[in-house]
Amino acid sequence: MTISTRFAPSPTGYLHVGGARTALFSWLYARKHGGKFILRIEDTDLERSTQESVNAILEGMSWLGLDYDAGPFYQTHHFDRYKEIIQQLLVQGDAYYCYCSKEELEQLRTEQMANKEKPRYNGKCRDSDESQLDREPVIRFKNPVDGVVTISDLVKGDIVVANKELDDLIIARADGTPTYNLTVVVDDMDMKVTHVIRGDDHINNTPRQMNILKALGAELPKYAHLPMILGADGARLSKRHGAVSVMQFRDDGYLPEALLNYLVRLGWSHGDQEIFSMDEMVEYFELDDVNVSASTFNMEKLLWLNHQYIMNSDPAHVARHLSWHMGQLDIDPADGPELINIVRAQRERSKTLVDMAAASVYFYKDFESYDEKAVKKNFTVGSDHVLASLHDELVAVTDWTGESVHEIIVNLAETLGLNMGKVAQPLRVAICGSAVSPAIDVTLSLLGQEKTLARIEKAIIYIRSLN
């Protein structure tokens, strides 16, 4: 048997964190077992589904690197197939027309609630042959009334539901469009999905879907329901907890691998290991190791993990993602040092790529002003003479490297009888605009001789204007 999993989001919003984790677990299980990973867009909610949301889902999957082997398939392209299956269920006697009005159903619900009964359809039209020409009927699935449905859940264990607890759900609306529980069953059957991995908010749907599959004579997939993700306050993760859109994490400077690593640990573990390569995730992942209880989303932990990835990933890979953030600052990376060298210089102090980009602007653009605190501390009396002496030495350098400029700075400090800070810090403020940068020799080598000299000249003029 070829393992086949699917990720089936509804395009009614962005790709959120919970959906991304579901996609990741489905992707990992398929990759682990040499199977197929399918992307299916469940867009039958015509009022709420938008092309913008479809694009957001596809963009999120692409950014995360969760490649799919088939799809994206769109349910709106398969209406003829759904109608065919609905007709089959009617002919078999496993579905029926229901003419109950909205008002009748609302009154029934009100009475059941008043009697402290579970709201459910009472089966009024289940065995009726009467039709009402003045009313378009819905079509309901004739759910078995006896016995139980046992979900052999790969995460939560056996879940037993009595059929008498399940009412006859609508599988086609009055306008003929199919409903979620029908379309998902048909697609899983036709796509030969062997493992349905999804959030545990779908548990109530699963026994209903299993009964429809049984009525169609289809082989049942295995189910794995993932525990929900909570915010720090213990409530289900939502917009009010901050960034829950996958692409918001991109915008905030996270690497996709860091987010995937964090998501895989939300509900799954492999010993005490915290950091996993994608190959390790595939190698170690098993549904048996998924936790039953809910997980809490911790932004501080994600930030720590992102910093680890920035520091330890291939600099060329980090640079590719950094390039987008430089563009957001209206910076063309071709106007300065290679980004791979920026990454090497800045990764120790940068927790996000937003931090790294913001801290690297001066390599590409001249700054308009100096940091006031840095000026007060470092542009003191005599610092202009230190910078003038540095300028005289640096202008003569023919081989501009970190080693060559470092030697000049050290020698000048000794000549002037100053400690390194009294030379390096005024120089740093002069070329960066602030007192913070990578090592001064690294900073100068990346900035280049022409920009370095021009900024020293500008700083000398500025210092002398203060006195």
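Predicted model: local features only at pLDDT ≥ 70, side-chain atom pairs only at ≥ 80, totals over all residues.
Which residues in H16 meet Met 420, Val 423 and Leu 427 in H17? Residues are numbered from 1 along each chain as its sequence is written, and side-chain values use heavy atoms, with hydrogens and water left out.

**View 1. Helix H16 meets helix H17.** Ile 409, Val 410, Leu 412 and Ala 413 are the H16 residues in question; contact means heavy atoms within 4.5 Å. H16 covers residues 402–416 and H17 residues 420–432, and the two pack at an angle of about 130° with their axes 8 Å apart. Helices here are DSSP runs (H or I, at least four residues), and axes are lines fitted to C-alpha atoms over the stretch in contact, with angles from 0 to 180 degrees between N-to-C directions.

**View 2. Leu 390 in the largest nonpolar core.** Together with Phe 297, Leu 390 touches the most other members of this 100-residue core. A nonpolar core is a set of buried Ala, Val, Leu, Ile, Met, Phe, Trp, Tyr and Cys residues joined through side-chain atoms within 4.5 Å; buried means under 20% relative accessible area (1.4 Å probe, protein chains only). Beyond neighbours within four places in sequence, Leu 390 is in contact with Ile 408, Ile 409, Leu 412, Val 423 and Leu 427.

**View 3. Cys 98 without a disulfide.** The whole structure has zero disulfides, meaning pairs of cysteine sulfur atoms within 2.5 Å. For Cys 98, the nearest cysteine sulfur is that of Cys 100, 3.8 Å away.

Conventions
Buried < 20%, exposed > 50% of the residue type's maximum accessible area, 1.4 Å probe, protein only.
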